[in-house]
Amino acid sequence: MFYGNCAKSSAMMPPPRLSVIIPARNAAHYLAQTLPALKSAWADDYELIVVDDHSTDETAQVAEQYGAKVVRLEAGLASAAEDGSASHPYPAWGASAARNAGVAATRGDVLLFLDADVEVHPDTLRLLLSSLDARPDIAAVFGSYDDKPVDRHTVSTFKNLMHHYVHQHGNADAATFWTGCGAVRREVFHAIGPFNHASLVCAEDIDYGHRLRDAGYHVWLRCDIQCKHLKRWTLWNMVRTDVMQRGIPWTVMMLRRGRVDSDLNLGWRHRVSAATVVGIVATLMSSILWRSGIIAVAALILFLLLVQKEFYMFLATRRGWWFAMRCLPLHILYYCYSLVALAAGVLVHVVKR
């Protein structure tokens, strides 16, 4: 049964098995593509909550068109009751606050978090639920982007394929969580508490995974559960997102915990690659000053390709070797600004202390 906006009070209905929570800000164009796929993928027992985070487009109208209960974030509070009488004391900004407000409006046994620009596959929801059914010891499960992103621009394709590759090679017993396409048991969510919106922006899912693990719960990364990312990445929003919304807060979180993660894009290959990029940049600067070092730079680049050979072979099988080689400067840039984010995160941590 699908629970959307209806005249009948939700209190008179039995709670659904699954509650889908989607934060959305000016996402009408995405929801028009992702909500039909969601409805087609799961026609049984679920409710859909779309949290309208101060949109100025038709986000709410599109969501209602597909039967969603719309939670509107108001000034200072998030109101979510169908009759307009209830409100939830969450700051009305950011995806974490939107997800918290969405959870407060749900009744399902399993909470599924999706991004507005994520289109589920026909089996995505079924596999997420069956994972929790098959493993009572698992508190949460999340999947991965697929390897067929919609946008074909080089930067956008590189970013989406890299995200897919990292999750495909992550530890199944994950140290983090992902709200792009991730499910958690309701009782676990309430035991852990809401997403942290006070000091984190767009890294609240990493923090939530840490909190789950620290509380003794297990998170399962199932790389075979996939969805399609519709977002178009540009060079600017890729750098800004990775530095300001992922790299810096992730570094601060690790320093606060006194523990360095070794999963996903913090594995040994990425650390060696980052060190190699430092060598490339340093050698290039030396070459500018001393007009030498070309051979050393070429050797370091070849070493980077060797360390990351599986990644470049993956890119080549998806888009060809010419595309893979065009991604090399982007990959080097990625490690450069990741190191900047690391240094900035250490500085932020020291200043806050």
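The following questions and answers concern a predicted model.

User: Which residues have the most contacts inside the largest nonpolar core?

Analyst: The largest nonpolar core of this predicted model comprises 66 residues. A second, separate core of 27 residues includes V243, A316, F323 and A341. Within the largest core, the residues with the most contacts are I22, L31 and L38.

User: Which residues does L31 touch, leaving aside those up to four places away in sequence?

Analyst: L31 is among the residues with the most contacts inside the largest nonpolar core. Not counting residues up to four places away in sequence, L31 touches I22, A24, P36, V50, T59, V62, A63 and A116.

User: How are the axes of α8 and α12 oriented: parallel, antiparallel, perpendicular or oblique?

Analyst: Two packed helices are described by the angle between their axes and by the distance between those axes. The axes of α8 (residues 235–257) and α12 (residues 321–352) come within 7 Å and cross at roughly 40 degrees. Angles under 35 degrees count as roughly parallel, and those from 65 to 115 as roughly perpendicular. The two helices, α8 and α12, are therefore oblique.

User: What is the handedness of the crossing in which α8 passes α12?

Analyst: The crossing involves helix α8, residues 235–257, and helix α12, residues 321–352. In passing α12, α8 makes a crossing that is right-handed.

User: How do the residues of the contact of α8 with α12 divide into nonpolar, polar and charged?

Analyst: On the α8 side, the contact includes L235, V239, D242, V243 and R256. The contact residues divide into 16 nonpolar, 4 polar and 3 charged.

User: Is K159 buried or exposed?

Analyst: K159 lies in helix α5 (residues 154–168). Leaving out residues up to four places away in sequence, K159 touches W233, M238 and D242. Its relative accessible area is 13%, and the cut-off for burial is under 20%. K159 is therefore buried.

User: What is the phi of N26, and where does N26 lie?

Analyst: Most residues other than glycine have a negative phi. N26 is partly exposed, with a relative accessible area of 32%. N26 lies in the loop between β2 (18–24) and α1 (28–41). The phi of N26 is positive, near 50 degrees.

User: In which loop is H54 found?

Analyst: H54 has a positive phi near 60 degrees in a residue other than glycine. H54 is partly exposed, with a relative accessible area of 38%. The loop in which H54 is found is that between β3 (46–52) and α2 (59–65).

How values were computed
Residues are numbered from 1 along each chain as its sequence is written. This is a predicted model: local features need pLDDT of at least 70, side-chain atom pairs count only at pLDDT 80 or more; totals for chains, interfaces and linings use all residues. Side-chain values use heavy atoms; hydrogens and water are left out. A nonpolar core is a set of buried Ala, Val, Leu, Ile, Met, Phe, Trp, Tyr and Cys residues joined through side-chain atoms within 4.5 Å. Buried means under 20% relative accessible area, exposed over 50%, partly exposed in between (1.4 Å probe, protein chains only). Contact means heavy atoms within 4.5 Å. Axes are lines fitted to C-alpha atoms, for helices over the stretch in contact, and angles run from 0 to 180 degrees between N-to-C directions. Helices (H or I, at least four residues) and strands (E, at least two) are DSSP runs, numbered from the N terminus. Angles under 35 degrees count as roughly parallel, over 145 as roughly antiparallel, 65 to 115 as roughly perpendicular and the rest as oblique. A crossing is left-handed if the near helix is turned anticlockwise from the far one by less than a right angle, and right-handed if clockwise. Ala, Val, Leu, Ile, Met, Phe, Trp, Tyr, Cys and Pro count as nonpolar, Asp, Glu, Lys and Arg as charged, and the others, Gly among them, as polar.
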